[in-house]
Each structure stands twice: as structure tokens, then as C-alpha cells.
Amino acid sequence: MTDLMDRKYALRPTVTSRLGGGFARYGFFLLIAAVFLAFAVLRPTFVAPGNIHGMLMSASIAAIMFMALTWIIATGEIDVSFMSVAALANMVVASLVQSGAGWLVASLGGLGVGLAFGLLNAGLVAIMNLPALVITIASGALAASLAAAIGLGTSIALVNTGFVGAFLDLRVGILPLVAVVVALLYAVAWFAQERLAFGHYLYAMEQNRAAVVEAGVPVTRILVLLYVLSGMVSAIAGILLAANLSSGQPYLGSSYFLDGLTAVLLGGMALKLGKPNVLGTLAAVIFLVGLLNGGSLLGWTDSQRQIVRGSLLLVGVGLVVLARSRISKRQLH
Amino acid sequence: MRTVLLARIAAFALVMAAIALVFWIQNPVYLSTGNVRALMRHMSVNGLAALGLTFVIVVRHFDLSFPGVASLSAMTLGWLIATGAPFGAAIAGGLVVGLAFGIVNGIVVARLGLPDIVTTIATGGLATGFSYFYSNGTSISQNFFMSGLLDLNDGRFLGLERPFAILALASLLAFVLLHRSRFGQAFYATGENPVAARFSGVPVRAMIIAAFVLCGVTACLSILLLVASSGAANVTAGNQLLMPAFAAVYLGAALFGRPSVPATLAGTLLMSMMLNGFTLLAIPYFYSDAIVSTVLILAISLFDPRLSSALRILLPAGRSAKA
């Protein structure tokens with residue numbers, strides 16, 4: 001037990017001065033609060049119950065999709081197929097429901113898609129050690145292409161949203177139930193990441209893959225797990241989106257692509273100073289959804305919102321690199 | 001070494017002949033003059049984008065911004081033509097976009113040391129955002145007929161389709177730069193080991209910036225041809241460049257052992273032959289990315305060095321060929 005504790009403290013950036021470190025670590029949350037407050041003052045509809053409900057709904061679905069992506073990026077690998085897998089699962093569910101299958105069968109079909117693409121990525125990247133970026137670009141393009149092919153290039157409208165729709169409509173007080181479920185899910189993920197050996201291995205793999213392999217950590221098994229998990233959570237998000245949008249949208253992936261990476265990298269600044277982590281991702285997802293929603297209330301165009309997304313991603317990457325170079329410099333001296 | 005190269009060329013010719021035969025049996029039109037010309041035009045667009053990407057892959061980096069940059073370039077070109085700017089200025093405007101984003105990508109990655117994948121995704125996202133500015137996202141095609149842009153696609157040069165002539169010229173320049181000049185060695189050295197290259201006097205950062213600039217400019221050149229052939233500029237024009245370019249570079253590298261200009265051209269040719277053939281068989285457009293990505297995944301995994309070394313142990317003939 002002490003062994004584990006020691007390792008944990010070694011991983012904690014004890015090097016940052018307490019005040020500056022605290023500000024960097026929690027500053028992101030202050031920023032979120034400030035931005036949301038500004039929107040609430042400028043456009044009171046921003047905090048109307050209906051709008052909050054809508055934002056929580058989209059944030060929950062996005063947070064599910066980006067959960068495994070956070071850990072994949074934390075290990076220094078990449079997955080750029082997640083949004084296309086979600087789009088394919090979404091279209092598979094929609095077409096199955098449209099052809100008369102029940103929502104249960106359709107959802108299982110969607111999950112099957114996620115599992116298949118997760119296993120494909122895992123096999124090629126984790127087991128065969130092929131370059132992650134090119135493989136996931138290709139598998140993502142495959143999924144996107146199949147998603148378009150299912151609907152012959154157009155969307156599929158759904159008449160009923162089945163039990164998934166009913167689940168999305170459930171509320172706890174004013175909160176949608178799915179938001180509560182996502183919060184619990186992220187709490188469990190945070191525990192796994194911070195308190196279990198699994199989490200320590202993730203960050204160690206990013207530092208020095210060869211050393212971790214030498215130390216006997218089942219690196220391949222962890223990567224397989226992460227890619228399969230990424231496929232599954234993307235598929236779940238796709239299934240939820242089918243009910244939420246009551247349609248299958250073959251091209252829904254493109255809007256989640258930048259958001260996913262931005263959420264992970266921007267969130268990496270919160271709490272762990274440059275290391276992608278699940279709570280940071282959750283906060284960044286809420287920030288992004290709020291920013292884009294508030295922006296559209298203020299009348300931002302698509303172009304402006306796209307530019308905000310791109311800039312935030314750049315800022316996120318820049319901050320992560322800056323924070324890391326600071327930490328490594330201080331560790332050297 | 002020479003026998004290995006000959007074996008690789010023979011393998012490439014065999015694959016090419018097999019593809020041609022399969023499609024020719026399905027539809028004899030495949031090898032008609034008209035279709036071969038269409039194939040050459042198609043290959044020109046994808047080949048140019050892949051050519052620039054080759055340099056980025058050679059220095060062991062990635063560029064995911066070129067589809068977005070190409071879209072911005074297409075809209076800039078379209079807007080300049082629609083507002084009546086001279087044709088030359090419009091083309092220059094389109095290419096300057098690639099130059100500017102190439103420089104930004106290169107500096108951010110090489111000098112500031114940001115991770116290439118995510119950074120270029122971000123700059124590509126920015127470029128996509130900027131491309132909406134000109135017309136709020138609607139496609140532009142005013143004045144296209146009068147400007148002479150369409151001649152770029154339809155005209156001939158020395159008996160070749162004009163797009164193909166442009167690709168041939170660009171390939172020649174790229175070949176000289178990468179394989180017949182000292183800069184070429186510098187690109188490869190930067191990719192192999194940047195520290196060693198630095199101490200050998202290679203300006204590593206300049207080489208990386210140059211690679212990103214080449215990638216941006218050729219992507220804009222390729223979108224120029226695409227806009228000329230479709231007759232309209234729109235904000236999603238660049239998206240169709242991503243998969244074929246990566247597939248061409250990696251397919252070529254898998255066939256010929258490492259990324260190079262001839263390898264990329266070979267990869268592009270195989271890819272275009274397949275896509276053209278499937279179009280001829282009336283396979284809908286949305287399957288094209290599925291085909292390209294399946295071929296790419298197969299090529300990367302089948303030509304994996306560990307797999308081929310395993311084969312070499314099984315087949316003694318292969319081992320002697322290498323020796």
C-alpha cells in the first residue's frame with residue numbers, strides 16, 4: 001500500500017508553488033463561472049430552465065462520447081474515429097428502428113458497431129502496433145462512409161424514440177436523469193484514474209512506454225481496453241443521439257470532432273496541469289456547450305463558432321505544452 | 001538493393017495490371033481513351049495533395065489541416081474571381097492561403113514545439129471557420145465561365161490533359177527536390193533523427209517548416225483543379241482530399257518501403273484506378289471513402305515489416321533477394 005502511495009505522490013506535480021499551482025489547477029473553473037455569468041447577464045434566457053436542460057442534455061451525450069478519448073490521449077495515443085463510430089451507430093439504430101426492429105434490438109446493433117470498430121482499432125493499433133493516427137483516420141473514414149451509405153447519403157427520420165427516448169425524458173428535479181448518470185459515471189472514472197493502478201499506468205505510458213513495458217505493465221491489454229471502450233462509449237452516444245434528435249444523421253460526426261479534442265486538451269489544463277483527465281474533460285465539455293449555446297444566443301454565426309472552436313483547441317494545446325515544459329524544467333533544477 | 005527495387009516495381013505493375021484486368025472484364029469502357037483521360041484528371045487532384053503530404057510524412061510529422069486550408073483556398077479563389085479580380089491574382093490568392101497556413105503550421109510545430117496532430121487539426125478548424133466568411137457558407141460560382149478557370153480543367157498541354165501536365169510538372173520538381181538535391185537528404189535526415197541531423201548541420205526546423213509549406217501549397221493547387229473541374233467553390237471542397245492523400249502516401253510507402261515521390265505517385269495511381277473503376281460500375285459516391293480506407297488498412301497491415309520479415313523466414317527465396 002505504501003508503495004502505491006509513494007508512486008502517487010511521485011506523480012503529483014509537487015514542484016509547482018502552492019499558490020500559482022492552485023490558480024493554474026482551478027483557474028479553468030473560475031473561467032467557466034465567469035463566462036457563464038457573463039452570458040446570464042447579457043442574455044437572461046441562457047439560464048432559463050429549458051435552456052439549461054437542453055445544454056445539460058447535449059453536454060451529457062458529448063461527455064459520454066469523449067470519456068475514453070481522454071484516456072487514449074493521456075497515454076499519448078490518438079483516436080480520430082470516435083465521432084464517425086458514433087455517427088455509424090446512430091445510423092444503424094435509425095435504420096433498424098425504421099425497418100421495424102424494436103429499440104432494444106436496434107440499440108444492441110448500435111453497440112455491436114461500437115464493439116466492432118473498437119476491436120478493429122484495438123487489433124491494429126494496440127496488438128499490431130501500427131500508427132494510431134493513420135489507422136483511426138482510415139477506420140473513421142470507413143465508419144463515416146458506411147453511415148452515409150446506410151441512409152443513401154441522407155438522414156433517416158424516426159417516428160418513435162422508444163425506451164431510449166423515454167430514458168432521456170426522465171428527470172431528477174430539474175436535472176435530466178442522463179446528466180446524473182453521466183456524473184456518476186465520471187465519478188467512477190475519476191476513481192479508476194486516480195486511485196487504481198490502471199490510472200497510474202495511463203500517465204506512465206505517456207512518459208516512457210518502453211520503461212512501462214519493461215516494468216511488466218500489461219500495456220497491450222490496457223490499450224485494447226481503451227480502444228474498445230472508446231468504440232463502445234461512442235456507440236452509446238450515437239444511440240442516445242438517435243433518440244434525442246429522433247432521427248439518424250449520417251454527418252453528425254463532423255461537429256463532434258473538434259469538440260472532442262478541444263474538450264480533452266483544454267480539460268487537461270484543469271486539475272492535473274497538462275495531463276488529460278476525466279474531470280477536466282467533463283468541465284471542458286460543459287464549458288464548450290455553454291460557450292457555443294451562449295454564443296448562438298448572442299447571434300454568433302457558424303463561422304464564428306467554428307473559429308472559436310479552433311482557437312480554443314490551439315489555446316488548449318499551447319497551455320498543455322507550456323505547463324509541461326515548466327514542470328519538467330523545475331524538476332530538472 | 002537493386003533486385004529489391006525491381007521486385008517492388010514488378011509487384012506494383014502486377015497489382016496495377018490485376019486492377020485494370022478486373023475492371024476491364026466488368027466494363028470494357030475502363031480502358032477506353034476517354035476513361036483513361038478522366039482517370040488522369042482524377043489522379044491529378046489527389047496526386048497533388050498527396051505530393052505535398054509526402055514531404056510532411058518524410059520529416060515524420062502529420063498534417064491534418066490541409067483539407068480545411070484547401071477549402072479556405074477554394075473560397076478565396078472563388079471570391080476573388082466573383083469580385084472580378086484578374087485570373088492570375090485569383091490563383092495567387094488561393095495559393096497564398098496554403099503558403100500562409102503552411103508557415104504557421106511549420107512554425108508552431110517546429111519552433112514552438114506543439115504536438116503536430118492536434119495543432120494542425122486546430123489550424124484546419126480555423127481555416128474552415130474562415131472559409132465561411134466570404135459567402136456565409138454558400139457556394140460561389142459567379143464569373144467562373146468568363147475567367148478562364150474552367151480551361152484549366154478542359155485544356156490540353158503538349159497533348160496531355162492540362163491537370164495531368166500540372167501534376168507531372170509538380171512531380172518532377174518534387175522528385176528533383178527530394179531525390180536529386182541535397183535538400184532531399186536533409187528532409188530524410190530530419191525524419192530519421194532530428195538530433196543527429198541537427199549536429200550534422202541540417203537546419204531541422206527550416207526543413208520541417210518547408211515540408212508544411214509544401215503540403216499547404218500543393219493542397220491549394222489540387223483544390224484549384226477540383227474547383228476548375230466542378231465549376232463551383234464551396235466550404236466543404238477540401239474534405240474529400242484527406243483520405244485519398246493519406247492513402248496514396250501510405251500505400252506507396254508500403255509498396256516501395258519508404259515514402260518517396262515515385263511511391264506516392266504509384267499509390268495515387270492505384271487509388272485513382274480503383275475509385276475510377278468503382279465509379280464506372282455505378283457504385284455510389286459515399287462508398288468511395290470506404291473503399292479507400294479499407295485498401296489503406298489492408299496495405300498498412302499487410303506490408304508491416306514484421307509480417308514481411310516473418311514471410312522472409314518462411315520463404316528462403318525472399319531472404320536471398322534481400323541479401
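Here is a short chat about a predicted model with chains A and B.

Reader: Let's start where the chains meet. How many residues from chain B and chain A does the contact take?

Author: Both chains put residues into this contact. Chain A gives 36 residues, and chain B gives 37 residues.

Reader: How many salt bridges does the rule find across the interface of chain B and chain A?

Author: Searching the whole structure turns up four salt bridges over all chains. Across the interface of chain B and chain A, though, the number found is zero.

Reader: Which residue forms a salt bridge with R309(A)?

Author: R309(A) sits in helix α14 (residues 302-332) of chain A, and its partner is in helix α12 (residues 253-267) of chain A, 50 residues apart. Both residues of this pair are buried. The closest N and O atoms are 2.7 Å apart, and the partner is D259(A).

Reader: R305(A) and D302(A) are in helix α14 too. What separates them along the helix?

Author: Their side chains meet in a salt bridge, at 3.9 Å from N to O. In general, an α-helix has 3.6 residues a turn, so residues three or four places apart point the same way. R305(A) and D302(A) are three residues apart in α14 of chain A, so the separation is about one helical turn.

Reader: Is R305(A) buried, partly exposed or exposed?

Author: Buried would need a value under 20%, and exposed one over 50%. R305(A) has 24% relative accessibility, so R305(A) counts as partly exposed.

Reader: Over in chain B, how far apart in sequence are the parts that R60(B) and E192(B) tie together?

Author: These two form a salt bridge, with the closest N and O atoms 3.5 Å apart. R60(B) is exposed, and E192(B) is too. R60(B) lies in the loop between α2 (33-58) and α3 (66-82) of chain B, while E192(B) is in helix α9 (residues 182-192) of chain B, so the parts tied together are 132 residues apart.

Reader: Now for the rings. What kind of pair do F36(A) and F46(A) make?

Author: Over all chains, the count is 18 aromatic pairs. For F36(A) and F46(A), the ring centres are 5.6 Å apart and the planes are at 80°. Planes over 60 degrees apart count as edge-to-face, so this pair is edge-to-face.

Reader: What about F286(B) and Y287(B), what kind of pair are they?

Author: F286(B) counts as buried at 8% relative accessibility, whereas Y287(B) is partly exposed at 32%. Their ring centres lie 5.5 Å apart with the planes at 55°, so the pair is tilted.

Reader: Which residue's charged end sits over the ring of Y188(B)?

Author: This one involves a charge and a ring in chain B. The charged end is 4.0 Å from the centre of the ring of Y188(B), and the residue is R258(B).

Reader: Last one: how many of the 16 residues of α5(B) are buried?

Author: Helix α5 of chain B covers residues 116-131. At 1.5 Å a residue it should span 22 Å, and its end C-alpha atoms are 22 Å apart, which agrees. The helix is largely enclosed by the rest of the structure, because its buried residues number 14 of the 16.

Key. Residues numbered from 1 in each chain as written. Chains lettered and ligands numbered in written order. Predicted model: local features only at pLDDT ≥ 70, side-chain atom pairs only at ≥ 80, totals over all residues. Heavy atoms only, no water. Phe/Tyr/Trp six-rings, centres within 6.5 Å; stacked < 30°, edge-to-face > 60°. Buried < 20%, exposed > 50% of the residue type's maximum accessible area, 1.4 Å probe, protein only. Lys NZ or Arg CZ within 6 Å of the ring centre and 35° of its normal. Helix = DSSP H or I, 4+ residues; strand = E, 2+ residues; numbered from the N terminus. Expected span 1.5 Å × (residues − 1). Contact = heavy atoms within 4.5 Å.
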